Amino acid sequence: MKIGSSKIGVVLLAAALLIVIVIAACGGSDPEELEIPVSIVDGQMSPDTIEVKQGDTVALKVESEEHGDFHLHIYDIEKEVGGAEPVDLIFVADATGRFRITFHATGEEHEEDNREGHEEEEVDIGFLEVRPR
Ligand SMILES: [Cu+2]
């Protein structure tokens with residue numbers, strides 16, 4: 001009986017250890033608040049892909065040398081960038097997938113025309129990638 005119960009003890013210990021390893025490896029991590037600096041130079045976003053996890057609260061700090069609208073598709077977040085200060089874009093990454101980010105150049109003198117010509121004017125500058133947590 002002594003040998004038997006110590007064997008069970010070893011098996012239980014091994015099982016417990018395995019569970020701890022699996023939990024540690026797979027994460028179950030809590031949503032994070034991320035602050036990500038983004039710059040737009042020559043029609044290209046840097047980083048070209050923003051990677052976050054589902055549920056994260058994301059604050060993009062967008063700097064652009066050119067004046068225009070920063071547009072995150074599907075999430076449908078659009079904001080004017082290109083001033084002296086970086087622009088904060090804050091959202092919760094609740095939808096997973098890969099989302100286009102485009103830039104709409106807006107010369108101040110024909111701002112109204114751009115509202116209509118949205119699709120022709122926009123330039124792909126990068127992606128947002130939201131992975132399941
Ligand atoms: Cu767009």
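Asp42 is located in the loop between S1 and S2. Although Asp42 is not a glycine, its phi is positive, at about 55 degrees. These values, like those that follow, come from a predicted model. Asp76 belongs to the loop between S5 and S6. Asp76 has 9 C-beta neighbours inside 10 Å and therefore counts as exposed. The peptide bond that joins Ser46 and Pro47 is cis, with omega at about 5 degrees.

The chain contains three helices and nine strands. Their order along the sequence follows the pattern α-β-β-β-β-β-β-β-β-α-α-β. Of the 133 residues of the chain, 18% count as buried. When contacts between residues at least 6 apart in sequence are considered, 67% of them join residues at least 24 apart.

One group of strands forms an open sheet of four, in the order S2-S1-S4-S7, and the pairing in this sheet is mixed. Strand S2 (44-46) and strand S7 (87-92) are the edge strands, each of which pairs on one side only. On average, neighbouring strands of this sheet are turned by 25 degrees against each other, direction ignored. Within the sheet, strand S4 (residues 57-64) pairs with S7 in the antiparallel sense, over six bridges. Val58 is placed opposite Phe91 in S7.

An open sheet of five strands is also present; its order is S3-S9-S8-S5-S6 and its pairing is mixed. Here the edges are formed by S3 and strand S6 (77-81), and each pairs on one side only. From one strand to the next, the twist averages 20 degrees. S8 and S9 run antiparallel and are joined by eight bridges; Phe103 has Val123 in S9 as its bridge partner. S5 and S8 are likewise antiparallel, with five bridges between them, and His104 in S8 is the bridge partner of Asp69. Five bridges also join S5 to S6, and these strands run antiparallel. In this region Gly68 stands opposite Val81 in S6.

The largest nonpolar core has 17 residues, of which Val38, Met45, Val52, Val62, Ile101, Ile125 and Leu128 touch the most other members. Strand S1 (33-41), strand S3 (49-53), S4, strand S5 (68-72), strand S8 (97-105) and strand S9 (122-131) each contribute at least two residues to this core. S1 and S4 belong to the sheet of four strands, whereas S3, S5, S8 and S9 belong to the sheet of five. The core therefore draws on strands of both sheets. In soluble globular proteins, nonpolar side chains tend to be buried together. Val38 gives an example of the contacts made by a core residue. With neighbours within four places in sequence left aside, Val38 is in contact with Met45, Ile50, Leu60, Lys61 and Val62. Two of these partners, Met45 and Val62, are also among the core residues that touch the most other members.

Definitions and conventions
Residues numbered from 1 in each chain as written. Predicted model: local features only at pLDDT ≥ 70, side-chain atom pairs only at ≥ 80, totals over all residues. Pairing = 2+ DSSP bridges. Axes fitted to C-alpha atoms, helices over the stretch in contact; angles between N-to-C directions. Core = buried A, V, L, I, M, F, W, Y, C linked by C-beta atoms within 7 Å. Buried ≥ 20, exposed ≤ 12 C-beta atoms within 10 Å, placed from the backbone. Contact = placed C-beta atoms within 7 Å.
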